[in-house]
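Subject: Structure for you to look at

Hello,

Here is the structure I said I would pass on. My notes follow below it.

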Amino acid sequence: MNNFTYDIGTRIHFGRDALDYIGKEAKKYSDKILLTYGGGSIKKNGVYDKAIKELEDAGIEVFELSGIQPNPRIDSVREGVRIIKENKIGAILAVGGGSTIDAAKFMAAGACADFDPWEFISEGKPMSPAIPLLTVLTMAATGSEMDCGGVITNPETKEKLSSGHADTRPKVSFLNPELTYTVPKFQTAAGSADILSHIFETYFNIDGTMFMLDRIMEALMKTVIKYGPIALKDPENYEARANLMWASSWAINDFISDSSKAAWTVHPIEHELSAFYDITHGLGLAILTPRWMEYCLSEKTVHKYVDLGVNVFDLDKEGDPMEIARQTIEKVREFFFEDLGLDSNLRKIGIDEEHFEEMSIKACGKAGVKKGFIDLKPSDVKKIYQMCLED
């Protein structure tokens, strides 16, 4: 177990009245706000009008940037930075899911920089300082409303990479589960897969963590496994939506990860799929995860599969460990592809092995190896991609 310092600087307003606090909280940071959002669904469900009213009633001047795309592009970041600098805007309110919030994190840092925001990625420049960021969450998936990291795509270079800093962690987030009622079934399913994958990335760790945190992770997993299918069948089930939303935040706000050395491997591998094919992130994770689990299984790693199978899927602990592990992988498959109804292989979404070689090399980075639950070289990553072509 590592030593750690845990400090969450995000204030959360959770529940049906969460948006009532927008004006009061935003006023603490600036009299000028950049409101960012995606394709305009927030104008249909009333969230836009509510946010504008709260901000204007607080005496805040509002500027807008719409059209933030899924797998957000660096071009949107550049435009946001331009608006902020030209109008001397002091804070951002991002309304949407992870894509909108991630893009806003790069805007918040870019507002204080004298260089192109892609250099946060290409040259590893720190995303600090940053202007304050506030968020209104409309989809449970990425946990961006309570973490400091963001992922951005550069279509020209076919790169989808992450960065972040404590300064880009949202200052305040407004979480009303009712806002997720209209999230389409596919996005609800993909979001559930994303949440579960965030937990897996820390849980599958041979270096050891705290017993307490392993049990908390298992509770978070059981929450997603229980409430994801309920939300699909009954989209306006408040209990299901609330549990998914809060599990999403706690899956990636550093609480479960700070005490371990776990390094993420499935996400970087999936980011190459998204960069090359612009697929939904959660779907890519769902297709990759069972294959990655199968590839990583060995006598050295089997104990984590047994813990997962016994404590989350209620498998009989008295069986052969390897058999329990195989049953556990099958349970994960069933959840993603039967309970959530997601496509089960890459061919079903039009992906073949044309770019696997290049994607595998990029996934392993400059070091040529992706360290994690087990270390993966490009040849290993390519095999995992190939495993994803068939059921």
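This is a predicted model: local features need pLDDT of at least 70, side-chain atom pairs count only at pLDDT 80 or more; totals for chains, interfaces and linings use all residues.

As background, an α-helix has 3.6 residues a turn, so residues three or four places apart point the same way.

Helix 4 covers residues 74-87, and its end C-alpha atoms are 20 Å apart. That agrees with expectation, because 14 residues at 1.5 Å a residue should span 20 Å. Just after helix 4 comes Lys 88, which has a positive phi of about 55°.

Next, strand 8. It takes in residues 172-175, and both of its faces are covered. On one side are Val 172 and Phe 174, on the other Ser 173 and Leu 175, and all of them are buried. In general, the side chains of a regular strand alternate between the two faces of the sheet.

Which strands pair with strand 8? Strand 1 (residues 11-14) runs parallel to strand 8 and is joined to it by four bridges. Within that pairing, Ser 173 of strand 8 stands opposite Ile 12. Strand 5 (residues 133-137) is also parallel to strand 8, again with four bridges. Here Leu 175 in strand 8 is the bridge partner of Leu 137.

The UniProt record, an unreviewed entry, places the annotation "domain: Alcohol dehydrogenase iron-type/glycerol dehydrogenase GldA" on residues 10-177. Over residues 10-177 the chain is 31% helix and 24% strand.

Two single residues are worth a look. The first topic is Ala 193, which is found in helix 7. Is Ala 193 buried or exposed? Its relative accessibility is 1%, under the 20% cut-off, so Ala 193 counts as buried. Leaving aside neighbours within four places in sequence, Ala 193 is in contact with Gly 282, Ala 286, Phe 336, Leu 340 and Leu 342. Phe 335 is 142 residues from Ala 193 in sequence, yet their C-alpha atoms are 9.0 Å apart in space.

The other is Asn 205, in the loop between helix 7 (185-203) and helix 8 (211-233). Asn 205 has a relative accessibility of 6% and therefore counts as buried. Its contacts, with neighbours within four places in sequence left aside, are Ser 260, Lys 261, Ala 262, Lys 304 and Phe 373.

Finally, the chain as a whole. The protein chain has 15 helices and eight strands. Of its 391 residues, 55% count as buried. The radius of gyration is 20 Å, which agrees with a compact globule, because a globule of 391 residues would have a value near 21 Å. Along the principal axes, the C-alpha atoms fill a box of roughly 65 × 45 × 45 Å. Among contacts in the protein chain with a separation of 6 or more, 78% are between residues 24 or more positions apart. The accessible surface of the protein chain comes to about 16100 Å², and carbon and sulfur atoms account for 48% of it.

Regards

Notes:
Residues are numbered from 1 along each chain as its sequence is written. Side-chain values use heavy atoms; hydrogens and water are left out. Buried means under 20% relative accessible area, exposed over 50%, partly exposed in between (1.4 Å probe, protein chains only). Helices (H or I, at least four residues) and strands (E, at least two) are DSSP runs, numbered from the N terminus. Two strands pair if DSSP finds at least two bridges between them. The expected span of a helix is 1.5 Å times one less than its number of residues. UniProt positions are given in the numbering used here, feature names are shortened, and annotations may be inferred rather than shown by experiment. Contact means heavy atoms within 4.5 Å. The radius of gyration is taken over C-alpha atoms; the globule rule is 2.2 Å times the number of residues to the power 0.38. Accessible areas come from the Shrake-Rupley method with a 1.4 Å probe; for residues, only the protein chains shown count as cover.
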